[in-house]
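Please review the briefing below alongside the sequence and the three-dimensional model. It is arranged by topic.

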Amino acid sequence: MGPVTASLEVSGLAFAYPDGHQALFGVDFSLARGERVALLGPNGAGKTTLVLHLNGILGGGTGSVTVAGLPVGKQHMAAIRQKVGIVFQDPDDQLFMPTVREDVAFGPAAAGIRGAALEERVRGALERVGMQDFADRPPHHLSFGQRRRVAVATVLAMEPEILVLDEPSSNLDPASRRELADILRSLDVTVLMVTHDLPYALELCPRSLILSEGVIAADGPTGELLSDDTLMRAHRLELPFGFDPASVTMGA
Amino acid sequence: MHVPDGFIDAPTSAITGVVAAGALAVSLRGARRELGATSRAGEAEYGGERTAPLAGLVAAFIFAVQMLNFPVAAGTSGHLLGGALAAILVGPYTAVLCVSVVLLMQGVLFADGGLTALGVNITDMALVTTVVSYAVFRGLLAVLPRKRRSVTVASFVAALVSVPAAAVAFTLIYAVGGTTDVSIGKVATAMIGVHVLIGIGEAVITALTVGAVIAVRPDLVYGARGLRQRLRLRVNGTLVDAPAPTTPVAARTSRRTLWVTGLVTSLVLAGFVSFYASSNPDGLEKVAHDKGIDEKTEEHAAAGSPLADYGVKDVSDARLSGGLAGVIGVGVTVVAGSTVFWALRRRRSADVSPVDTGV
Amino acid sequence: MGAGHAHRLYRHGHSPVHALPPHTKLAAALLFVVVVVSTPREAMWAFALYAVLLAGVAHHARVPAGFLLKRLLIEVPFVAFAVLMPFVAEGEQVRVLGLSLSVNGLWGAWNVLAKGTLGVAASVLLAATTELRELLLGLQRLKLPPLLVQIASFMIRYGDVITDEMRRMRIARESRGFEARGVRHWGVLAKSAGALFIRSYERGERVHLAMMSRGYAGAMPVIDEVTASGAQWRRALTLPCAALVVCLLGWVL
């Protein structure tokens with residue numbers, strides 16, 4: 001471990017499901033601490049499979065994943081799960097406890113935090129996503145955007161090294177989308193954002209990776225990648241009608 | 001069928017409570033195995049910790065599917081009880097847990113079914129239906145050819161038998177601890193008769209539902225895991241298309257024979273209970289209703305019966321055994337009939353290696 | 001069974017009954033019903049006293065009588081059964097208004113009606129004054145196996161989600177002109193049920209992933225624990241204790 005340890009280091013990662021379907025064919029990339037990076041790619045590129053490798057839910061293929069110098073594997077599983085916070089696509093999957101407060105408390109409590117320290121974590125996490133007034137509500141009674149924000153809070157409460165978001169902007173109305181962007185910009189953690197929403201990626205992430213057919217096909221500044229028509233077409237990525245990445249000033 | 005408080009006396013309720021608790025304890029252990037075993041391929045770790053979310057979601061499914069109405073005819077509809085379906089889809093232990101949790105929540109949250117009758121309700125509706133249906137299901141699968149359609153057939157028969165089996169169990173519980181001296185014979189014939197009819201509906205729906213699941217995600221059907229095919233895997237380095245999952249092709253030949261058999265069986269059963277023919281879905285309600293109709297027409301038969309003051313148990317043993325024998329007979333006939341049918345058919349087509357005929 | 005499953009009975013409030021810890025209420029309701037069921041049916045006055053006791057609790061909990069009575073409708077199938085008992089039961093007969101009724105059947109009908117009604121009323125009061133989440137905590141506190149409580153908890157959490165999915169599937173069917181009218185349409189409905197199962201199961205798998213991602217390893221972390229003071233226990237157990245006295249009197253007198 002050097003003084004500048006990368007937050008996340010993935011090298012040579014290949015994986016096939018036991019039913020014979022191979023999803024990853026040697027993925028390499030690394031994220032520096034504090035970076036915000038978008039992971040782009042068409043449907044079926046292996047994005048979700050890759051995400052599930054980052055905290056050791058999937059494994060058993062070849063290659064390695066290292067989080068803050070810690071290899072992902074059986075021996076450090078608890079620490080890895082604390083360091084890598086995954087926000088899943090459907091907040092209903094993520095919010096499985098009867099109330100918002102209990103849900104946000106779940107992760108830290110599983111890590112053994114109790115009492116006042118636990119309350120503090122919950123309060124802090126909910127404040128960061130602006131949901132502190134909803135602590136005692138059941139998740140079912142929240143709007144979709146609110147649920148997604150609580151889902152982010154459940155992960156923030158674990159004080160992760162890296163935040164992984166799976167399609168964070170899906171199903172959000174423009175206002176909720178902007179609120180979430182503000183929240184993500186305000187966090188000082190490493191963020192890996194898996195998304196189809198190219199303008200959102202451009203808005204939030206200075207750097208992007210394109211995952212296509214199980215390998216990293218491109219890695220560079222988001223604006224450049226999105227402006228490269230050939231590259232985009234080769235990987236079934238399309239910008240929304242009328243959107244020109246060159247004309248947008250990025251708020252990094 | 002949710003039994004309220006006071007229907008069954010206190011000692012019997014307590015005994016069934018103990019039975020239910022024991023069954024739950026066993027199921028809690030068994031369910032860890034079942035849900036651990038169906039763990040999704042490729043996960044680095046699995047086991048008991050999958051039980052809670054999966055069983056919870058299955059319980060929610062059972063709860064929801066009980067609200068799905070299946071129209072029978074104009075204005076009337078039935079719904080699934082779900083014991084057999086759960087047993088086949090997720091395994092008997094998990095099914096016992098799920099149905100029990102549904103019953104518990106219905107009792108506590110909706111006052112549906114008495115608190116003291118929880119033991120009766122769990123024994124009757126969670127334990128008996130799942131155990132009977134799963135036993136029948138596995139028994140049939142053991143002798144049927146290893147085809148996907150066999151699963152549907154076995155589901156049909158399993159669900160068909162499970163509902164009257166619950167009625168038999170209820171009648172037995174009633175015989176031991178019923179609080180009223182309605183002759184057990186009457187309870188038995190009415191309960192079981194109506195529930196054979198309900199069983200047919202349950203069987204059709206269960207078989208169709210299992211068929212629908214097995215068509216899309218055969219790996220999710222616990223009862224049919226033996227039929228799942230192991231595929232070759234792992235190509236390293238280069239881009240190679242994984243082989244598309246091959247599905248066993250169902251033979252078309254004797255589908256018609258089979259459906260005819262099923263239909264005839266149903267008709268026989270339906271004839272057996274035609275006296276009670278009506279489309280009302282809920283058994284106990286139905287029994288009450290029927291008894292009322294009986295009474296209007298046959299008032300004197302009851303009034304004139306030469307009865308003084310003897311208790312339930314002595315009266316009805318003969319009738320009870322008669323009624324039970326009838327229904328068990330029908331059940332066994334169905335099972336045995338299908339068994340013979342399939343065994344013969346299999347021999348003719350000289351299919352797979354022989355399996356013991358254990359029914 | 002029937003449509004009654006869909007709506008919850010909880011009524012928000014701040015009465016002394018609402019304030020009691022959930023496990024004391026659960027225990028009290030259960031004990032009360034046990035006592036009621038053990039009461040000899042001949043002691044008719046005892047059941048009247050039980051009803052008075054429950055009415056007292058309802059008053060204390062500020063649960064309106066109309067709400068309570070409406071919910072008693074869930075019993076109707078059994079009322080029908082009870083009404084018929086005098087006609088079908090065996091034994092000594094009496095003639096009332098020209099009908100021949102069984103004495104035993106009359107007693108039986110009374111027994112089922114009285115005990116069943118009191119049981120439902122007690123359950124309704126429990127459900128009306130206790131929040132869902134509290135009920136689960138209470139069950140946990142009463143030493144129900146943790147796994148069972150977890151299953152119940154997931155069922156409650158996702159019951160609405162799955163019911164919503166089912167509703168959306170129905171709307172999707174209907175907007176394509178399908179209306180289930182009879183047995184012929186069972187195939188379509190069963191396909192929906194099958195799809196619903198697959199969705200539920202897959203959601204279960206995803207929930208499990210989400211749980212594992214946050215460090216779940218088989219045991220739910222204890223986040224809230226309900227406790228009850230001696231005074232609270234005493235207050236909650238007043239109901240079953242009073243009932244027990246009535247019951248004993250019923251056996252003695």
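**Strand pairing and chain contact**

Within strand β7(A), Val164(A) is the bridge partner of Ile86(A). Strand β7 (residues 162-166) of chain A pairs with β6(A) in the parallel sense, over four bridges; strands pair if DSSP finds at least two bridges between them. The model is predicted, so local features need pLDDT of at least 70 and side-chain atom pairs count only at pLDDT 80 or more, while totals for chains, interfaces and linings use all residues. Residues are numbered from 1 along each chain as its sequence is written, and chains are lettered from A and ligands numbered from 1 in the order in which they are written. Helices (H or I, at least four residues) and strands (E, at least two) are DSSP runs, numbered from the N terminus.

**Six-stranded sheet of chain A**

- The open sheet has the strand order β6-β7-β8-β3-β9-β10 (chain A), and its pairing is mixed.
- Its edge strands, each pairing on one side only, are β6 (84-87) and β10 (215-221) of chain A.
- From one strand to the next, the twist averages 20 degrees; axes are lines fitted to C-alpha atoms, for helices over the stretch in contact, and angles run from 0 to 180 degrees between N-to-C directions.
- Helix α1 (residues 47-54) of chain A packs on this sheet and touches β3 (36-40), β6, β7, β8 (190-194) and β9 (207-212) of chain A; contact requires C-beta atoms, placed from the backbone, to lie within 7 Å.
- The direction of α1(A) makes about 155 degrees with that of β7(A).

- Strand β1 (residues 8-16) of chain A runs antiparallel to β2(A), and seven bridges join the two.
- Glu9(A) has Ser30(A) as its bridge partner in β2(A).

**Contact between chains A and C**

- Chain C and chain A contribute 23 residues each.
- On the chain C side, the elements giving two or more residues are α7 (132-141), α8 (146-175) and α9 (186-213) of chain C.
- The largest share of that side, eight residues, comes from α9(C).
- By class, the side of chain C that touches chain A has 13 nonpolar residues (Ala, Val, Leu, Ile, Met, Phe, Trp, Tyr, Cys and Pro), seven charged residues (Asp, Glu, Lys and Arg) and three polar residues (the others, Gly among them).

Technical notes
Contact = placed C-beta atoms within 7 Å.
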